[in-house]
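Biologist: I am new to this structure and would like a close look at a single chain. Please take me through it in one connected answer.

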Amino acid sequence: MEKALLTTEHLRVGYGGEAAVHDVSFCLRAGETLAIAGESGCGKTTLLKALMGVGGAQITGGRAVFDGNDLAAMRPNARRGLAGEQISMIFQDPGAAFNPIRSYDSQFRELLRSRGRFRGAASRSEIRRCFASLGLSDGARILKSCPCELSGGMNQRAAVAAAMLLGPRLLLLDEPTSALDVTAQQAVVEELARLRSLTGLSMLLVTHNLGLAAAMADRTGVMYAGRLVELGATADVLERPCHPYTKCLLRAVPALGGGLPQGLGGSPPAPGAPARGCAFFARCPAAAPGCRERETALREISPGHFAACAEGRP
Amino acid sequence: MNKTEPVLEAAALTKRYRRGSLAAEAISQVSFSLLPGEILGVVGQSGSGKSTLLRQLACLEKPTSGRVMLCGRDVTGRQPRDVCHEIQMVFQNAQRSFDPRRSVGASVCEAVRQLSGLSGQAARERCAQLIRLAGLDPSAADAFPSALSGGQCQRFAIARALAAMPKVLLCDEATSELDVSAQAQIVGLLAGLRDELGLSIVFVSHDLALVSTLCSRILVLQDGAVAEQGPTQALVSAPRSDAARALLAAAWTGRGPQFSRPSVDKPPECVL
């Protein structure tokens, strides 16, 4: 059996007092890609920040265990060592992840120096190899350029190279393609697929784009108001969705030459919503009178396919 | 105006940017026409000239050559204030298109006062009417842009654009920064406004799947030139240009995986 690389149990994450992630449990196996999909504000980015230990997101309850280490219980130094070398993150806006007016070459060298891993000429060739493994044909030119001189797609591929430079085992991806046009999106996705087959990397992908989840993820989880409402094999979740929210999200995806996509009415609840009952109740097209108080823990609907609500069972 | 007479026409529009001895043609010889109540999709990769084209149409820049005809008059090289009653623009980042230190309602109200000549109570009533037309509750108008979601902000931006009661709305990647649900709502709103007000819309996006759901006709730009234009169904089912084929291949519809994924046949160690 494959080992779990990252496990979260009833994870609760907040900024200061307010919780943005209420109760998230999943496990990510070595070599697996798991997508977490949901609307803006559902807590998916907060989840990634907490795992990476950046942006002030604090684990306030439950556990997140990476390769046997409880992230919340680790000493700050050990945690910093983990972030970057074992766990790496790619952000939505590739331009903002780098200094725009310094060459990639110097920024990559600094990245190695900050970890005490710069070894002169050996490191230079390591950086070049890292670029070559990305399938960037003109790596030498990109290394000499500054981020402000390159397109968004190119910068995002450089960000992938930076994230991979220290050889992490887990890559956290926060909307990696949302700021790019569709053809650049495709290039980045192909890049990530190649990396994955080369290195056996595990990825946790956060996106609102279900098409991206379909293209990249083995399993997909759907998040609403800080909780997972559905989790299963990507094909199960996207083709045989159980939860009414997943169905609503799928109706919002435009189909080539199809009718107008259907948006959800209303807006998601504000952070710090009540901890009990179904948070989707107010917007749910399949809501029944008893739903407001109903228990919303994930249940297994079919083997490996979990949902917090069986009303919309396929 | 005659129903079949175009509200907006571009004839061989070309825009060349110069800096010292360097010159780059951002759009070259772009021609199209837009009928009343029609939604035209403009698609292309980043850098294909989509935004440059819109800036020429809204008279925010002076084209190097070619002509822009708006409601039957030649507006080439005119100032934005000469055309703002007929043509309005909605931008990609709605939040940044508002003054961060004023409530969105105040911004919409100012547009009403500037563009419709109303003042006082009449302007406030018109403002509330526009906000309702954009599918929002006027009570949300007291919020500042930073307190609103991207989708709500974009609705206010559309309300502001409608203050001038324009004939043509130019949407520059108006849904690209929104999540799928908010994107679907905005697209539905635009389709509704077309039906209700007879608005003509130029909808610019890089997402061909999205454009194909909203627009009856699509124009594909590549390197500043028109690679192809035609009815949506024909373009989607039988694209003739490489640019359209590339965009079609990259359009993800969420209906199935386009990339081969390694299959996972081993059972998980833990239940979830």
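Biologist: Of the 272 residues of chain B, what percentage count as buried?

Modeller: This is a predicted model, in which local features need pLDDT of at least 70, side-chain atom pairs count only at pLDDT 80 or more, and totals for chains, interfaces and linings use all residues. Residues are numbered from 1 along each chain as its sequence is written, chains are lettered from A in the order in which they are written, and side-chain values use heavy atoms, with hydrogens and water left out.

In chain B, 53% of the 272 residues count as buried (buried means under 20% relative accessible area, with a 1.4 Å probe and protein chains only). Chain B has nine helices and ten strands; these are DSSP runs, helices being H or I of at least four residues and strands E of at least two, numbered from the N terminus. The radius of gyration of chain B, 20 Å, is close to the 19 Å from the globule rule for 272 residues, so the chain is as compact as a globular protein of that length (the radius is taken over C-alpha atoms, and the rule is 2.2 Å times the number of residues to the power 0.38).

Most residues other than glycine have a negative phi. B:Cys59, not a glycine, has a positive phi of about 60°. B:Cys59 sits in the loop between α1 (50-57) and β4 (65-70) of chain B, and it counts as buried at 4% relative accessibility. B:Glu173 also has a positive phi, near 50°. The loop that holds B:Glu173 runs between β7 (168-172) and α6 (180-197) of chain B, and B:Glu173 is buried, with a relative accessible area of 8%.

Terms used:
Buried < 20%, exposed > 50% of the residue type's maximum accessible area, 1.4 Å probe, protein only.
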